[in-house]
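Visitor: Could you walk me through this model, one feature at a time?
Guide: Gladly; let us look at it together.

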Amino acid sequence: MFLCMDLRETFATNLRRLRNAKGWSQDELALEAEISRSYLSQLEKGVYHVSIKVIGRLADKLDVEPDEFLKRTARKARAK
């Protein structure tokens with residue numbers, strides 16, 4: 001259970017960081033990835049689990065490899 005929550009938080013943090021790095025609003029990314037802005041917002045808050053299909057769409061639109069969403073920061077990787 002804890003690992004699942006931690007991965008959702010990691011995904012949410014990276015999604016927000018990658019979207020901001022692209023300079024896009026939630027509305028812009030949601031439109032590009034063909035998902036609702038509300039769903040994207042909930043993903044960025046770590047509320048919902050994300051499907052592989054949506055990860056693929058987001059990675060494609062943000063021009064990153066899908067594994068970028070699950071990379072932990074150095075600070076989090078050390079904390080146990």
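Visitor: What share of the protein chain do buried residues make up?
Guide: Buried means under 20% relative accessible area, exposed over 50%, and partly exposed in between, with a 1.4 Å probe and protein chains only. Here buried residues account for 32% of the 80 residues in the protein chain. Please keep in mind that this is a predicted model: local features need pLDDT of at least 70, side-chain atom pairs count only at pLDDT 80 or more, and totals for chains, interfaces and linings use all residues. Residues are numbered from 1 along each chain as its sequence is written, and side-chain values use heavy atoms, with hydrogens and water left out.

Visitor: How many helices and strands are there?
Guide: Helices (H or I, at least four residues) and strands (E, at least two) are DSSP runs, numbered from the N terminus. The protein chain has 5 helices and 0 strands, giving the pattern α-α-α-α-α along the sequence.

Visitor: Which residues of helix H3 are buried?
Guide: In H3, residues 37-44, they are Leu40, Ser41, Leu43 and Glu44. Viewed down the axis of H3, these buried residues fall within an arc of 160° (taken from the directions from the helix axis to the C-beta atoms), so they line one face of the helix. After H3 comes Gly46, with a positive phi near 80°.

Visitor: Is Glu44 buried or exposed? And what does Glu44 touch?
Guide: Glu44 is buried, at a relative accessible area of 4%. Contact means heavy atoms within 4.5 Å. Not counting residues up to four places away in sequence, Glu44 touches Ala12, Leu15, Arg16, Arg19 and Gln26.

Visitor: Where is Lys45, and is Lys45 buried or exposed?
Guide: Lys45 sits in the loop between H3 and H4 and is exposed, with a relative accessible area of 59%. Leaving aside neighbours within four places in sequence, Lys45 is in contact with Ala12 and Arg16. From C-alpha to C-alpha, Lys45 and Arg8 are 8.7 Å apart in space, though 37 residues apart in sequence.

Visitor: Which residues touch the most other members of the largest nonpolar core?
Guide: A nonpolar core is a set of buried Ala, Val, Leu, Ile, Met, Phe, Trp, Tyr and Cys residues joined through side-chain atoms within 4.5 Å. In the largest one, with 17 residues, they are Leu15, Leu58, Leu62 and Phe69. The elements giving two or more residues to this core are H1, helix H2 (26-33), H3 and helix H4 (52-62). H4 gives the most, with 5 residues. Leaving aside neighbours within four places in sequence, Leu62 is in contact with Leu15, Leu18, Arg19, Lys22, Trp24, Leu29 and Phe69.

Visitor: What volume does the largest pocket have, and which residues are closest to its centre?
Guide: Rolling a probe the size of a water molecule over the atoms shows where empty space is left. On a 1 Å grid over the protein atoms alone, a pocket is an open set of points where a 1.4 Å probe fits, with protein on both sides within 12 Å along at least five of seven lines; lining residues have an atom within 4 Å of a point. Grid points are joined across faces, edges and corners, and a volume is the space filled by probe spheres set on the points. The largest pocket has a volume of about 170 Å³. Of its 11 lining residues, Leu7, Arg8, Phe11, His49 and Val50 are closest to the centre. Helix H1 (residues 2-22) gives the most to this lining, with 4 residues.
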